[in-house]
Amino acid sequence: MRIDIATLFPEMCESVLQTSVLGRGIKNGFLEVYTHDIRLYTENRHRNVDDKPYGGGTGMIMMAQPIHDCVMAIISQHRARPRIIYLSPQGETLTQGKVRELSEEEGLILICGHYEGVDRRVLDELQAEEISVGDYVLTGGELPALILTDAVARLQEGVLPNEDAYSIESHYDGLLEFPQYTRPEVWRGRAVPETLLSGNHAKIREWQREMALETTREKRPDMYEKYVLEHAEELFSKNKKRKGNKDD
Ligand code: SAM
């Protein structure tokens, strides 16, 4: 998979793209990520990338032409037309389901706005989809683009050690993850739950499953309700089996 980030501040992205799991994944060739400086595509002498909004108002608007030419230059480097995404507080909110969908694409172009945003016409011209990282407003699209890149990168084969590393994780199957513990066994009088030390893998899996349900019920009742509705039959038969085992 190849991700291209079009931004006025490539240096803001570079350090993140070189660090930790994401950095290793890119270095080891499990995905390609490139940043592109929109300013290099300006046609005016002063390399201006923004101008005052028509109709008045505070702040500056990023001009259509440099964004358009930058994106077209990126497209020309791809075999097939990549999906074009503008990071925007007005977009569809990013979820793990959306991340999974995007992770299956061959190419993504991420456009980062800045200042008061971008000239609407370039988004229409490029038929850009809009994705938001939440109902709040940031100063630029760089952090959202990096969030999307990181989330999508984790799902590329080779980036994480194995599928468990992302499939047994909050949001993957509609639940939050169970609580996790590491050494020591007792810390400040707080002991690790006994089941986790039992070495009985079936029991541990069952405990983790129950705790995932319990954690979701407590922290995200909306997700819990949805999950229970969608898995009613499975939960009912598990409960019945457990009751049967107890009665034996
Ligand atoms: N004037 C715009 C509006 O009210 O919709 C907000 C512009 S914001 C200050 C500047 C840039 O930050 C946007 O163009 C967008 O790329 C990015 N941005 C801000 N908040 C975001 C969010 N929640 N999700 C994704 N991108 C965001």
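Which backbone N or O atom lies 2.9 Å from a nitrogen atom of the ligand? That atom belongs to Glu116. The model is predicted.

## Contacts with the ligand

A polar side-chain atom of Tyr86 lies 2.6 Å from a ligand oxygen. In Gln90, a side-chain N or O atom is 3.0 Å from an oxygen atom of the ligand. The protein buries 86% of the 590 Å² that the ligand exposes when taken alone.

## The shell around the ligand

The ligand is surrounded by 21 residues. Tyr86, Leu87, Gln90, Glu116 and Tyr136 are the closest. By class, the shell has 10 nonpolar residues, 10 polar and 1 charged.

Strand 5 (83-93) and strand 7 (129-132) each supply at least two residues of this shell. The largest share is that of strand 5, with 5 residues.

## The largest pocket

Where does the ligand sit? Its place is the largest pocket. This pocket holds about 410 Å³ of space. It is lined by 25 residues, and Tyr86, Leu87, Ser88, Pro89 and Gly117 are the closest to its centre.

Strand 5, strand 7 and helix 5 (120-126) each give at least two residues to the pocket lining. Strand 5 gives the most, with 5 residues. The lining has 12 nonpolar, 10 polar and 3 charged residues.

Note on methods
Residues are numbered from 1 along each chain as its sequence is written. This is a predicted model: local features need pLDDT of at least 70, side-chain atom pairs count only at pLDDT 80 or more; totals for chains, interfaces and linings use all residues. Side-chain values use heavy atoms; hydrogens and water are left out. A residue is near a molecule or strand if one of its heavy atoms lies within 4 Å of it. A polar contact is a pair of N or O atoms within 3.5 Å; within protein, one must be able to donate a hydrogen and the other to accept it, and residues adjacent in sequence count only if both atoms are side-chain atoms. Accessible areas come from the Shrake-Rupley method with a 1.4 Å probe; for residues, only the protein chains shown count as cover. On a 1 Å grid over the protein atoms alone, a cavity is a set of points where a 1.4 Å probe fits but cannot get out, and a pocket is an open set with protein on both sides within 12 Å along at least five of seven lines; lining residues have an atom within 4 Å of a point. A molecule sits in a cavity or pocket if more than half of its atoms lie within 2 Å of its grid points. Helices (H or I, at least four residues) and strands (E, at least two) are DSSP runs, numbered from the N terminus. Ala, Val, Leu, Ile, Met, Phe, Trp, Tyr, Cys and Pro count as nonpolar, Asp, Glu, Lys and Arg as charged, and the others, Gly among them, as polar. Grid points are joined across faces, edges and corners, and a volume is the space filled by probe spheres set on the points.
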